[in-house]
Amino acid sequence: MAKYLLLKHYRGAPAAVNDVPMEKWTPEEVSAHIQFMSDFAARLEGTGEFVDGQAVAPEGTWVRYDGAGRPPVTDGPFAETKDLIAGWMVIDVDSYERAVELAGELSAAPGAGGKPIHEWLEVRPFLTHAPTVTE
């Protein structure tokens, strides 16, 4: 089994087919989307492939260490992750092909008008060992 991170993006990915921002959806459309996500996770729990998943609030702060005795630095000249990442799901599957298959299914979550979003999801494997450096 291999773990993969399925990332849902607000921005930064190619536009979804049903590219209406969630803040413009009706409460019923939001509820249907959340129910789809819950049902998808429950199905994967049943097969032992679900590890964890969360939606992420749009608020956030970048923080970094700035040296001994100095307060942490917040924000900076970085891409705003809070504008990019909407949520994530971790799956534990037998193959990369299965991870892609599940990401494709998750991409069909309903959006505006109850139609599938067909959003792009990023599939990233967990690093299982230190990369080999060759000279």
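Analyst: Start with terms: helices (H or I, at least four residues) and strands (E, at least two) are DSSP runs, numbered from the N terminus. By that rule the protein has 3 helices and 6 strands. This is a predicted model, where local features need pLDDT of at least 70, side-chain atom pairs count only at pLDDT 80 or more, and totals for chains, interfaces and linings use all residues. Residues are numbered from 1 along each chain as its sequence is written, and side-chain values use heavy atoms, leaving out hydrogens and water.

User: What pattern do they follow along the sequence?

Analyst: The pattern reads β-α-β-β-β-α-β-α-β.

User: And which strands make up the open sheet?

Analyst: The open sheet has 4 strands in the order 2-5-1-6, with antiparallel pairing. Strand 2 (50-55) and strand 6 are the edge strands, each pairing on one side only. From one strand to the next, the twist averages 15°. Two strands pair if DSSP finds at least two bridges between them. Angles here run from 0 to 180 degrees between N-to-C directions, and axes are lines fitted to C-alpha atoms, for helices over the stretch in contact.

User: How many bridges join strand 1 to strand 5?

Analyst: There are 8 bridges between strand 1 and strand 5, which run antiparallel. Tyr4 stands opposite Ile91 of strand 5. On the pairing of strand 2 with strand 5, also antiparallel, there are 5 bridges, and Asp52 stands opposite Val90 of strand 5.

User: Is strand 5 mostly covered or mostly exposed?

Analyst: Mostly covered: 7 of the 9 residues in strand 5 are buried. Buried means under 20% relative accessible area, exposed over 50%, and partly exposed in between (1.4 Å probe, protein chains only). Across the protein, buried residues make up 27% of the 135 residues.

User: Which helices lie across strand 5?

Analyst: Helix 1 lies across strand 1, strand 2 and strand 5, at about 20° to strand 5. Helix 3 lies across strand 1, strand 5 and strand 6, at about 140° to strand 5.

User: Which residues of helix 3 are buried?

Analyst: Arg98, Ala99, Leu102, Ala103 and Leu106 are the buried ones in helix 3. Seen down the axis of helix 3, they fall within an arc of 140°, so they line one face of the helix. The arc is that of the directions from the helix axis to the C-beta atoms.

User: Why would they line up like that?

Analyst: An α-helix has 3.6 residues a turn, so residues three or four places apart point the same way.

User: What covers the buried residues of helix 3?

Analyst: The cover includes strand 1, helix 1, strand 5 and strand 6. Contact means heavy atoms within 4.5 Å.

User: Ok, new topic. Which residues have the most contacts inside the largest nonpolar core?

Analyst: Leu44, Met89, Ile91 and Leu106, in a core of 16 residues. Strand 1 (2-9), helix 1 (27-47), strand 5 (85-93) and helix 3 (96-106) each supply at least two residues of this core. A nonpolar core is a set of buried Ala, Val, Leu, Ile, Met, Phe, Trp, Tyr and Cys residues joined through side-chain atoms within 4.5 Å.

User: What is Ile91 in contact with?

Analyst: Leaving aside neighbours within four places in sequence, Ile91 is in contact with Ala2, Lys3, Tyr4, Leu6, Leu44, Glu49, Val51, Ala99 and Leu102.

User: Where is His118, and what is its phi?

Analyst: His118 is in the loop between helix 3 and strand 6 (121-125). Its phi is positive, about 55°, although His118 is not a glycine. Most residues other than glycine have a negative phi. His118 is partly exposed, with a relative accessible area of 41%.

User: Is Ser107 buried or exposed?

Analyst: Ser107 counts as buried, at 12% relative accessibility. Ser107 is found in the loop between helix 3 and strand 6. Not counting residues up to four places away in sequence, Ser107 touches Ile117, His118, Glu119 and Leu121.

User: And how far apart are Thr26 and Gly113?

Analyst: In sequence they are 87 residues apart, and in space 8.7 Å, C-alpha to C-alpha. Thr26 is in the loop between strand 1 and helix 1.
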